[in-house]
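Me: I would like to go through the terms used for this model one by one, and to see what each of them rests on.

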Amino acid sequence: MSNKKWKGYLRSDGRKGIRNTVAVVYLVECAHHVAREITTSFKDQQVHLIGFPGCYPNQYADKILNAICIHPNVGAVLLVSLGCESFNRNRLMENIERSGRPVHLIGIQKIGGTRKAIDDGKNWVGDAIAQIKNVPQVEMGISDLSIGTVCGGSDATSGISANPAVGRAFDKLVAENAICVFEETGEMIGLENILKTRAKTKELGAELENSVKKAAIYYSKMGHGSFAPGNADGGLTTIEEKSMGAYAKSGDSNLSGLIKPGDIPSKAGLYLMDVVPDGEPMFGFPNISDNAEIVEMIASGCHLILFTTGRGSVVGSAVSPVIKICANPETYERMKDDMDINAGKILNGEATLDEVGDEIVEKVLAVAKGNPSCSESLGHQEFILTYKKFEPIGPACLPM
Amino acid sequence: MEKLILLHPADNVFIVRKTIQANEKISVNGIPIIYVKEIALGHKIASRDINKGEEIIKYGVPIGSATEKIVAGAHIHLHNMKSDYIQTYTLEKEFGHEQ
């Protein structure tokens, strides 16, 4: 295996980043255009556009955006506000200031409109890029990493090649004291009895089981499961079938905890993220699209995301690099430029799950060291944040 | 390369490992079958006769049940099996315009 130490960006909370990004944040859709104009003039310079479109306050969106603005991969933050929206910009600004990061707030109404706001933003971002070059760089290793996994554009090959290969990679990373996070309780429906036996404590097992039961109720009320028509085209017939495949991403480690979006685990281990809202359905489906899950994992501290796909997703993300693992050898041939790893060769008998698991770990190290993933070099920086509602996790979710 | 794989000894389905072309002849458990339509990579083929209401087993666990009698070698998908949890969404079923 290659050298497992590299230089990371040290943040004031002790966490270390693998990127040093300037986040340009719109605080309402009305400020989106200005924020985008500022961002696009810094193409390929690690300036990423993120934000929340809603005008009304929401505890969830507030928690997620606050968490991402002080994510270890973020070096500086520009907040773009129209001026009359509900987002608590002052508290966000104070939170970022406290973290020691350069931060600046532009009020579009106050500064005198679109053009002046864009000019001010460009000037500030230019200065910020120069300033954050001085962030201290320190030795970093696998035990400093938090890695998330999601699947998107799944087909029936996902559960046979890419997902279990990520499971093998997760086993290796957990063994080296990384934090690994998997998600989508809606894709564990039918597996709650298996899941609970892997919990470190009996009480955590009960929490895991309840989170899947909650997902089954929620999706029943929505009228169908976490299942897109492309999944069926790809040979998946039922949510149970998709679940079995999706679940394979978690590997064989014991579960150290259950978290909700924005909760940041502090100890090494494997964690399940419960992404299904609490209470009666209020804002529609649990996740509007794959990037909503990626955003939640980043809010929970993930430095990079292992994204498995069979049909062929192309998305990346703002803030944290996305590594694409393609399950389907036919898709891989068609969409090579978008794929970091060809797990489809498992299906062709050309590699074992363990070999591809090792390849994924090597890719994690390479990307952590600064090499761009495919989606990064193609300029993908998707970001989506909408309304959701969660109760805090119970004491049994993170056993000591 | 074998076209079909059995993922778990308890399974009653094979998985198509490489797309079966239209009019291709495949041997399923020693029975030669000509597939009229293409069956894509990842799809399921019955490894034995399955009765209506019987569970479909893949990865060694039930993934739903048969909605009609399925003969060995038949393609298994939305037309002959269903979830035992939550119905599957397809474009044809969109917004109540069920086929």
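Me: What should be kept in mind about the numbering and the model?

Reply: This is a predicted model, in which local features need pLDDT of at least 70 and side-chain atom pairs count only at pLDDT 80 or more, while totals for chains, interfaces and linings use all residues. Residues are numbered from 1 along each chain as its sequence is written, chains are lettered from A and ligands numbered from 1 in the order in which they are written, and side-chain values use heavy atoms, with hydrogens and water left out.

Me: Why is H2(A) called roughly parallel to H3(A)?

Reply: The axes of helix H2 (residues 59-69) and helix H3 (residues 89-98) of chain A come within 9 Å and cross at roughly 30°. Axes are lines fitted to C-alpha atoms, for helices over the stretch in contact, with angles from 0 to 180 degrees between N-to-C directions, and helices (H or I, at least four residues) and strands (E, at least two) are DSSP runs numbered from the N terminus. Angles under 35 degrees count as roughly parallel, over 145 as roughly antiparallel, 65 to 115 as roughly perpendicular and the rest as oblique, so H2(A) is roughly parallel to H3(A).

Me: What makes the contact of H2(A) with H3(A), by class?

Reply: A:Asp62, A:Leu65, A:Asn66 and A:Cys69 in H2(A) meet A:Arg91, A:Leu92, A:Asn95 and A:Ile96 in H3(A), where contact means heavy atoms within 4.5 Å. By class, this contact has four nonpolar, two polar and two charged residues; Ala, Val, Leu, Ile, Met, Phe, Trp, Tyr, Cys and Pro count as nonpolar, Asp, Glu, Lys and Arg as charged, and the others, Gly among them, as polar.

Me: Why are H2(A) and H11(A) described as oblique to each other?

Reply: The axes of H2(A) and helix H11 (residues 290-299) of chain A come within 8 Å and cross at roughly 60°, and the two helices are therefore oblique to each other. Among the classes, the residues of their contact divide into seven nonpolar, no polar and one charged.

Me: How do you know which strands of the parallel sheet in chain A stand at the edges?

Reply: Four strands form an open sheet in the order E4-E3-E5-E6 (chain A), with parallel pairing. Strand E4 (47-51) and strand E6 (103-107) of chain A each have a single partner strand, so one side of each is left without a neighbour in the sheet. Two strands pair if DSSP finds at least two bridges between them, and strand E3 (residues 21-26) of chain A pairs with E4(A) in the parallel sense over five bridges. Within that pair, A:Val22 stands opposite A:Val47 in E4(A).

Me: What makes E5 and E8 of chain B a pair?

Reply: Strand E5 (residues 44-46) of chain B and E8(B) pair in the antiparallel sense over two bridges, and at least two are required. B:Lys44 stands opposite B:Ile76 in E8(B). These strands belong to an open sheet in the order E1-E2-E5-E8 (chain B), whose pairing is antiparallel.

Me: What is the area buried between chain A and chain B?

Reply: About 2,500 Å² is buried between chain A and chain B, of which carbon and sulfur atoms give 64%; buried area is the accessible area (1.4 Å probe) that two parts lose on being put together, summed over both. A:Thr237, A:Glu240 and A:Met244 supply 22% of the area that chain A buries against chain B, more than any other three residues.
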